[in-house]
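Colleague: I would like to learn how to read sheets, domains and interfaces in a model. Could we go through one together?

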Amino acid sequence: MLETLVSIELPVGEHYYLKRHRFTPVDVSADNGKRISIISGTHGDELEGIYVISLLAEWLKANPSLITGTIDLYPSLNSLGIDSITRTVPFYQTDLNRIFPGTAKDTFPNQIAAGIVEAIQGSDIAIDIHASNIFLRELPQVRIASTYRDSLVPLAKQLNMDFIWVHDAITVLEATLAHSLNQLGTHTLVVEYGVGMRLTPTYGEQLLDGLFNLMAEQGILAIAPRSVRVPFYSDQGEVYYVNSPAAGLFVPAMDHCQMVVKDQLIGHIHDPYGVESPVPCYTPGAGVLFTLREYPIVYEGSLLARIFDDQKGVCV
Amino acid sequence: MIRQPLVHLASPSRDAYRVDGFRFQTQDKKDSQTSVAIVSGLNGHELAQMHVAAQLVNFLKVRQEADPSFITGDILVVPAVNSFGFNMGERHWPLDKTDINAMFPGYDAGETTQRIAHQLFKQVKGFEWGVELEDRRDQYDCIPYVRMIKSGFEDAQAAKYFGLQFAHYRDFVPSDAGSLQYNWSVWETKSYGLVFGNKQQIHRDSTHQLLDALIRFLAKVGAIRTQIFAGYDTNIVTQEAITLIPAQHAGVFEPIQIVGSFVQKGDLLGKVFDALDGSLKEKIYAPVDGLVTCHYHYPLIYQNTIAYRMISIG
């Protein structure tokens, strides 16, 4: 059932609608009472989650008898941004994922944020799907603030992702949707993979398998659990950051998700005028190259790569 | 006056990125030695803020040249941090759209804007007083005001030194964590935000008003030796004194009351018209007696957006 939860009048003959596609058991007696929300499109330049949600919706439409809980799909939270290749909420240039929980009587982005929280709260689990940005390509991963480590890591392991990254609780991240929902008691996992403005169908299908597995394990779908990957886990190693030492054009010398050794060439920074020789960049440690720069123009400090030093990673 | 390079970064193709500061220091050891850092233009839409800071530099320079004893402390003015943004009409760092004013205290091995924040913060921390000139991030026309964040290191009474009509004294919110104003206070600088102006505009009247406010502040803390007219006896207001008045409908917004007006409960504040058929959709009335501090500035308004902000005293 397609529902409209929030309607905000725009100035010139249009409305913003927050919509969800809700699936519930055909046989009410089969309902185990659990509710999961699957979310994407907080950032208008991140499209990977929209694809996964559309695939999931197709499957659920075709298999209604296998649904044993409530499954809410929210593919396009920042719909104006998605339809205009804009990461932020257009006009306000506000990052929607930095103003949660929002307020109902305030700016347009704040109203959207408040409507989203109101709609999703009460769910047992939420999966907030992100697709990096236009600059970086990411291996399928789940990111978890250390505050919620104990409750979320067991769920993250069911999602068929390659990497579980538990990071320090940072104050600015208290304004994210995931933080707001976790505070309200909804176990919320942030999934990150692919690259902005593009689709990586293999990663999307990998997450789809993970969602089937998670919902099977949680009793929301009456299907057998899927076989899932054993992710590498940030607590069992170290994340190395590689930032650009110079400004110029970054040309990678390795592929994303490659296993690397220490002091291996990642790529060169080229001077557009060719006055300076290309600056080589090397890996600071061994492990899995789980982040690689996609957009070539760099300043000093631009992130080029991230490496996790555990050797058990599995790449697509 | 010394022009000091504070930040330098090479670019892939365009000119190098530079941030300069203007330093004015007394040479007389008997002077107060109080120190003030004034930083402006952390985003590239803050034209009024940059202009006020630049006018302050010029004022201090001319007065110091005429009378070397005019400067009695140590003053650093940084008019434009995000110069790349100014030069192309971008609010944030033009390549990755990150906000420099969300990156403090910065990180020397981090991303580009973290490095910019780090280089700048090294130069502006340690001052006794810190003043950040900024616009509102939303579409509002407001009375210029002082913003203070509760951090445990603010000096609320000294906010009156600027002589503006009011100072907004508010709680910390998570999005403050990376701001210059908040990080100053963490490093024990008494910090203020001066909030004024409209995005990408410069108004002559407010330029003079804010320039006067900064000169008044510098004189009151003992950083310069000058006479200046007294300003307002600033009201320090907290959230409880503020009333938010939303437009119930979207459309074309016509403000009736201007900022700075004292209105009574029931007075007409503004109107909303249908953008297509021109009919009157809504009249917005004052729900309380008080001072109009802000009104929505853009002609098109979204439903439920705050149209007016008022403060009430007593």
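Predicted model: local features only at pLDDT ≥ 70, side-chain atom pairs only at ≥ 80, totals over all residues.

Colleague: In which order do the four strands of the open sheet in chain A stand?

Modeller: Strands here are DSSP runs of E, at least two residues long, and helices are runs of H or I of at least four, both numbered from the N terminus. Two strands pair if DSSP finds at least two bridges between them. In chain A the order is S14-S13-S11-S16, with antiparallel pairing. Strand S14 (279-282) and strand S16 (297-298) of chain A are at the edges with a single partner strand each, so one side of each has no neighbour in the sheet. S16(A) pairs with strand S11 (residues 248-252) of chain A over two bridges, and Gly248(A) stands opposite Val298(A).

Colleague: How many residues does each domain of chain A give to the contact?

Modeller: Domain bounds come from an automatic or database domain assignment, here domain 1 (2-233) and domain 2 (237-308) of chain A. Contact means heavy atoms within 4.5 Å. Domain 1 of chain A gives 14 residues and domain 2 of chain A gives 15.

Colleague: What is the area buried between these two domains of chain A?

Modeller: The size of an interface is often given as the accessible area lost when the parts come together. Buried area uses a 1.4 Å probe and is summed over both parts. Between domain 1 and domain 2 of chain A it is about 1,300 Å², with 67% from carbon and sulfur atoms. In domain 1 of chain A, Phe135(A), Arg137(A) and Trp165(A) lose the most area to domain 2, together 40% of what that side buries.

Colleague: Which side chains meet in a salt bridge at 2.5 Å with Lys281(B)?

Modeller: A salt bridge is a side-chain nitrogen of Lys or Arg within 4 Å of a carboxyl oxygen of Asp or Glu. Glu9(A) is the partner of Lys281(B). The count between chain B and chain A is two salt bridges.

Notes: Residues numbered from 1 in each chain as written. Chains lettered and ligands numbered in written order. Heavy atoms only, no water.
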